[in-house]
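Let's take a look at some side chains and the contacts they make. Have the sequence and the 3D view ready.

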Amino acid sequence: MTCGCNCAKPADDKAVVIENLQHAFNGESNASAKYAIYAEKARSDGYLAVAALFTAASEAEKLHASRHAAVLKSAGVEAKAEIGTYAGKDIQEMLKDAIAGETEEFTDMYPGFIKNAEACGFTAALASFRGAMEAEKVHAKLYEEALNNLEAWKAERSFYVCPVCGWTEAGAAPEKCPICGVPASKFVEYK
């Protein structure tokens, strides 16, 4: 029996990719929930730009989860997440936590998931994993910028999120999304 993704691999290879999609869906769903809480705490502490970044990232993570869920659905699997409970910490702790989570995703988790999806030829999962991984790199970079210059991140600042893949840009939307090509006019502003 083959895995159903146009390859000659056994069905258990597809099962690994499905498991990876479930793991990624759960992780992205939790990141979205956590960043929404972090945004509220950052805003109440007077870090308006950090709050806007956490809000934008929360929405981007929600988009990643949605993309993973759609791939799972196309494979006949229901996406499931167990959302943890999160509390806003101090601003530095929240940013360090976000940097660690994003960095783990783009250096370890998604590269492994991509390798498995490539081996099986599961192109829909591959596209979902790659898009999320590239966006996570940007999130980590923005969180690092905020952590390294917190005082400057008290002022209001806008972030733009691609409504398809979750690419996040500071200041202004790019002419087109570097991941999926969506035009700037479709980006959603968060401030």
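A quick note on the model: it's a predicted one, where local features need pLDDT of at least 70 and side-chain atom pairs count only at pLDDT 80 or more, while totals for chains, interfaces and linings use all residues. Residues are numbered from 1 along each chain as its sequence is written, and side-chain values use heavy atoms, with hydrogens and water left out.

## Salt bridges

A salt bridge here is a side-chain nitrogen of Lys or Arg within 4 Å of a carboxyl oxygen of Asp or Glu. The count comes to 7. Glu145 is in one of them, with Lys141, at 3.5 Å from N to O. These two are 4 residues apart in helix α4, so about one helical turn separates them. Lys141 is exposed, at 52%.

Helix α4 also holds Glu134 and Lys137, 3 residues apart, so again separated by about one helical turn. Their side chains form a salt bridge at 3.1 Å, N to O. Elsewhere, Lys41 pairs with Asp45, with the closest N and O atoms 3.0 Å apart. Lys41 is partly exposed at 26%, and Asp45 is partly exposed at 33%.

## Aromatic pairs

Rings of Phe, Tyr and Trp (its six-membered ring) pair if their centres lie within 6.5 Å; planes under 30 degrees apart are stacked, over 60 edge-to-face, and the rest tilted. The structure holds 9 such pairs. In one of them, the rings of Tyr110 and Phe129 have centres 5.9 Å apart and planes at 45 degrees, so this pair is tilted. Tyr110 sits in helix α3 (residues 91-120) and Phe129 in helix α4 (residues 123-148), so the pair ties together parts 19 residues apart in sequence. Helices are DSSP runs (H or I, at least four residues), numbered from the N terminus.

Trp153 and Phe159 make a stacked pair, 5.8 Å centre to centre with 25 degrees between the planes. Trp153 and Phe159 are both buried.

## Cysteines

How many disulfides does the structure hold? It holds 0, a disulfide being a pair of cysteine sulfur atoms within 2.5 Å. For Cys165, the nearest cysteine sulfur is that of Cys177, 3.4 Å away. Cys165 is buried, at 0%.

Key. Buried means under 20% relative accessible area, exposed over 50%, partly exposed in between (1.4 Å probe, protein chains only).
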